[in-house]
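Thanks for making time this morning. I would like to walk you through one model, going from a single pair of residues out to the whole assembly.

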Number of protein chains: 2
Amino acid sequence: MSVKELAIAAKGASYKLAALNESAKNAVLLAMADLLCEKAGNIIDANKLDLIAGKEKGLSDSLLDRLMLDEKRIIDMANGLRKVADLPDPVGEVISMWTRPNGLQIGQKRVPIGVIGMIYEARPNVTCDAVGLCIKSGNAVILRGGSEAIHSNKAIVKVLKEAAEKLKFPIDAIQLIEDTTRESSKELMTLNGFIDVLIPRGGANLIKTVVENSTVPVIETGSGNCHVYVDKFADFDMAISIVFNAKTSRVSVCNSAESLLVHKDIAQAFLPLCAKKLSEKSVELRGCDISLSILPNITKATEEDYYTEYNDYIMSVKVVDSLEDAITHINKYNTKHSEAIVTNDYMSAQIFLNEVDAAAVYVNASTRFTDGFEYGFGAEIGISTQKLHARGPIGLKELTTIKYIIYGNGQIR
Amino acid sequence: MSVKELAIAAKGASYKLAALNESAKNAVLLAMADLLCEKAGNIIDANKLDLIAGKEKGLSDSLLDRLMLDEKRIIDMANGLRKVADLPDPVGEVISMWTRPNGLQIGQKRVPIGVIGMIYEARPNVTCDAVGLCIKSGNAVILRGGSEAIHSNKAIVKVLKEAAEKLKFPIDAIQLIEDTTRESSKELMTLNGFIDVLIPRGGANLIKTVVENSTVPVIETGSGNCHVYVDKFADFDMAISIVFNAKTSRVSVCNSAESLLVHKDIAQAFLPLCAKKLSEKSVELRGCDISLSILPNITKATEEDYYTEYNDYIMSVKVVDSLEDAITHINKYNTKHSEAIVTNDYMSAQIFLNEVDAAAVYVNASTRFTDGFEYGFGAEIGISTQKLHARGPIGLKELTTIKYIIYGNGQIR
């Protein structure tokens, strides 16, 4: 089947899936989880083909690790599906309903979006997570994973479809594009009318390509150049703990901090303490002139550094003159993801919350909390850094849209 | 200034505008309304230049009518601004806030989107409406109107900015692109990072061009191939009244009906009565074979007819075998705008509401109600036919996004 044929089949099935009630959808998710565990061996065998090809291709160890599936990881995938089954179904909720002077009753009802296209890289667990979240939210899904994981993805989708088919689920609502050439993703990006939204997940290049080439609406996910600003009125212990956590608890993720801003009045006292703590994890600091005068052993930051999401044990540092300077700096260099202030000053906290332009703005907490699980959504399919439709963690609710339902008794205009 | 320079200025001003409180924004809107009335003469003079050029260019009478501004229309524009001032400010509302087990308080706060780009055609009143709605929702706006209205648009924006400047409003938040070549709109469509959303308003070609060429997120507005389905269990008088209203009350608008579906069991009795009523406005009917056998004087509909938004006194007709057939037909041919069923059957009404895929689905009311004013939003900037972010009328709330605000006391992960 061509990509367009897959999409047409998915669109058709999406109407049947949208009509399923919560019990039916949960039964499918639980059956999928069980069969994944039962057939873990098949998936591991397929995954070995990807790992061999990946090694031949010279993939890095960290990429090979992301690609690798063992029994534990497959059980984790299955448990992910079970957790999604446990979450409340967002579909069908009438968010509000009002009556107009002419008697029309107008309601906003939450409904599935329709067909969701996922474009992603080498992590086969994304395949299973995306299927689970899309089914629960009543959406058909078209999966376009990376070539590195194609054998694993085929094996996973085969198991998921087999489990679903037994329950008379409209299995055309789950489509894997087996052609992993550029052409297939290009085609996917222009199937307006068949695909309602594309969600790219992966590195900055992948996301940029999708944003620039897609005519289908996109939810941009991803990059996080996150800052921690330590205000003049910060508690030093709390500030050091938050900076250390935001930078080092997991450097490869988008909600980790990349840049430290410090108010000039406390820089002399604070920076040496903070640098000492960060040295426990050998974090390399790159600073402005003032921070260099306080920490003579660090390197000088370039303009480029302040724009960089290192995803590594590196952090840029800048001493700022004021809260306003910190906010201006953040709004210039950030990627609108997650930003934090550490302060005990009421006004500073309020101004920072109001004026920083980001999906999530924290007072006295680590940027690392921007995550669907940490927010209590139970799951997420990515973190949106755009402003339309979804901002921040994309959970089940964000995979729905609304439909106006209007009850009349003959009204004309 | 280049388009990019305008956009950079707008982005900078958007942060200042976002910080204005409701009183300050309302004062600006009221001052603009007053100055529009005071300087109506200047605007009418500028409009004359557009009208002369339009006549030379051979614009149709209906286009020239849309372009024309007289004192009454300018007073209407001013009153539009006053009405927007009267509407509640959506910005700043915390929609929900919850506390996590670790004590983090997580809230969703409504904030402006940032910079909104409007691409539209020859109606100068859109200029004023867009400025009013964007200011009230705290957004900067970049206006790219059609060349036909450029003198009018310049005159209107000059007055609006003059009124705003006196109140120390950040006037860079209002930008008119005076270059009306294709290049300027192309540039606008790719200014990711400076423009947060583009809203095209106008004909199908304009909207298609923006959807296909924009890398900035777009809210697709517009075309409405709307149906009225007369069910087996319909009240004939109500059905005729709704079909007549939906088709003829204003044929040029997107929420007017283009297609009539009738259940086969009542077609013989209903169609002649309905056709007679529609003949009062000389509506041309184009039907399927069965409808032709009942109404021998109508022409035969082609497949193309069922896809067509006539915006004229023409209506396609189809006799369907069942409710399910009607729904399948609608979901195939419609533009996801507005759809209506006329029925007294409870189950038919519920199934239609659930299964028809459109922004607005009506039971026993005319499709003509899909409109921000009719829904009680007080205003609208267009009607979205896409599923992301906004669906249906785009009012002040739809011109906002959310920001997560998180209050902690030192939480790390």
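**From one residue pair to two chains**

Let me start with a detail: A:Leu285 stands opposite A:Met315, which belongs to strand S11(A). Please keep in mind throughout that this is a predicted model. That residue pair sits in a parallel pairing, in which strand S9 (residues 284–287) of chain A and strand S11 (residues 314–320) of chain A are joined by four bridges. Helix H14 of chain A, residues 323–333, packs on the sheet, where it touches S7, S8, S11 and S12 of chain A, and its direction makes about 140 degrees with that of S11(A).

Now, which strands form the open sheet, and in what order? There are ten, in the order S10(A)-S9(A)-S11(A)-S8(A)-S7(A)-S12(A)-S13(A)-S16(B)-S2(B)-S1(B), and the pairing is mixed. At the edges stand strand S10 (299–300) of chain A and strand S1 (94–99) of chain B, and because each has a single partner strand, one side of each is left without a neighbour in the sheet.

If we look at the pairing between the chains, strand S16 of chain A, residues 400–411, runs parallel to S13(B), with five bridges between them. Within S13(B), B:Val361 is the residue that stands opposite A:Ile405.

Turning to the contact as a whole, 56 residues of chain B are in contact with 56 residues of chain A. On the side of chain B that touches chain A, at least two residues each come from helices H9 (204–213), H10 (236–248) and H15 (346–355), and likewise from strands S13 (360–365) and S16 (400–411). S16(B) gives the most to that side, with eleven residues. Sorted by class, the side of chain B that touches chain A has 27 nonpolar, 19 polar and ten charged residues.

Finally, a word on domains: the domain assignment of chain A gives domain 1 as 3–221 + 394–407 and domain 2 as 226–369. The C-alpha centres of these two domains of chain A lie 36 Å apart.

Key: Residues are numbered from 1 along each chain as its sequence is written. Chains are lettered from A and ligands numbered from 1 in the order in which they are written. This is a predicted model: local features need pLDDT of at least 70, side-chain atom pairs count only at pLDDT 80 or more; totals for chains, interfaces and linings use all residues. Two residues are in contact if their C-beta atoms, placed from the backbone, lie within 7 Å. Ala, Val, Leu, Ile, Met, Phe, Trp, Tyr, Cys and Pro count as nonpolar, Asp, Glu, Lys and Arg as charged, and the others, Gly among them, as polar. Two strands pair if DSSP finds at least two bridges between them. Axes are lines fitted to C-alpha atoms, for helices over the stretch in contact, and angles run from 0 to 180 degrees between N-to-C directions. Domain bounds come from an automatic or database domain assignment.
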